[in-house]
Amino acid sequence: MAIWIELIGAPILTMIVVQSIKLATDGIKGNFTIKGFMTTYGGMPSGHSAYVTALTTSVGFNYGVETPVFAVAVIFSLLVITDAMYLRRRIDLVAKAANHIVATLPADQRSGFTKLETKIEHTFPQVAVGALCGFIIAYLLHLWN
């Protein structure tokens with residue numbers, strides 16, 4: 001198998017698996033929508049950490065962990081995972097505050113506002129499980145190669 005297939009295939013396969021897990025768990029909760037397959041934010045496991053961990057793992061297996069490209073992949077992964085946990089937490093707080101402010105407006109003034117989605121941040125366990133999923137899928141794909 002060509003290296004590029006592994007480098008692209010691991011994150012894409014991980015995306016499909018992780019989003020399917022989210023879709024299935026949403027179905028159990030009664031929130032099943034096929035639209036939610038690619039638009040589900042937050043939740044277990046973290047897609048953000050899964051995708052970048054799969055990519056970083058594939059880079060490490062194919063180019064080695066002492067290469068500049070692996071270092072770039074690690075830094076990229078840390079940036080994405082940090083944003084998924086902390087930046088999105090701040091966005092979630094702002095969305096909750098905005099929704100609260102709009103809810104206090106008179107009914108005739110609320111019509112121009114749509115309710116902002118909340119619960120988009122990831123917790124540490126969600127990030128850890130996502131990273132584990134990404135690593136395992138990339139590892140299995142590498143073994144298959």
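Lys96 and Asp92 sit four residues apart in helix H4, about one turn of the helix. Helices here are DSSP runs of H or I with at least four residues, strands are runs of E with at least two, and both are numbered from the N terminus. The two side chains meet in a salt bridge at 3.2 Å, N to O, where a salt bridge is a side-chain nitrogen of Lys or Arg within 4 Å of a carboxyl oxygen of Asp or Glu. Side chains of opposite charge can pair when their charged atoms come close.

Before going on, a word on the ground rules. This is a predicted model, where local features need pLDDT of at least 70 and side-chain atom pairs count only at pLDDT 80 or more, while totals for chains, interfaces and linings use all residues. Residues are numbered from 1 along each chain as its sequence is written, and side-chain values use heavy atoms, with hydrogens and water left out.

Back to H4, which covers residues 68–103. Asp92 has another partner there: its side chain meets that of Arg89 in a salt bridge of 3.7 Å, N to O. Arg89 and Asp92 are three residues apart, again about one turn of the helix. The structure holds two salt bridges, and Arg89, Asp92 and Lys96 are linked by them in a network.

How covered are these residues? Asp92 is buried, at 0% relative accessibility. Here buried means under 20% relative accessible area, exposed means over 50%, and partly exposed is in between, with a 1.4 Å probe and protein chains only. Arg89 is partly exposed at 32%, and Lys96 is partly exposed too, at 34%.

Now zoom out for a moment. The protein chain has six helices and zero strands, so read along the sequence the pattern is simply α-α-α-α-α-α. Of the 145 residues in the protein chain, buried ones make up 34%.

Next up is H3, which runs over residues 47–63. At the start of H3, a side-chain oxygen of Ser46 reaches to within 3.4 Å of the backbone nitrogen of His48. Just after H3, Gly64 takes a positive phi of about 95°.

Phe61, by contrast, is partly exposed, with a relative accessible area of 31%. A pair of aromatic rings is described by the distance of the centres and the angle of the planes. Rings of Phe, Tyr and Trp (its six-membered ring) pair if their centres lie within 6.5 Å; planes under 30 degrees apart count as stacked, over 60 as edge-to-face, and the rest as tilted. By this rule the count comes to three aromatic pairs. One of them is Phe61 with Phe135, tilted, at 6.5 Å centre to centre and 45° between the planes. That pair links distant parts of the chain, 74 residues apart, with Phe61 in H3 and Phe135 in helix H6 (residues 124–144). Phe135 counts as partly exposed, at 39% relative accessibility.

Phe61 also forms a tilted pair with Tyr139, 5.8 Å centre to centre and 45° between the planes. Here the link from H3 to H6 joins residues 78 apart. Tyr139 is partly exposed at 35% relative accessibility. Phe61, Phe135 and Tyr139 form one aromatic cluster.

Where do these rings end up? H6 supplies the largest share of the nonpolar patch, six residues.

Methods: Polar contact = N/O pair within 3.5 Å; in protein donor to acceptor, adjacent residues only side chain to side chain.
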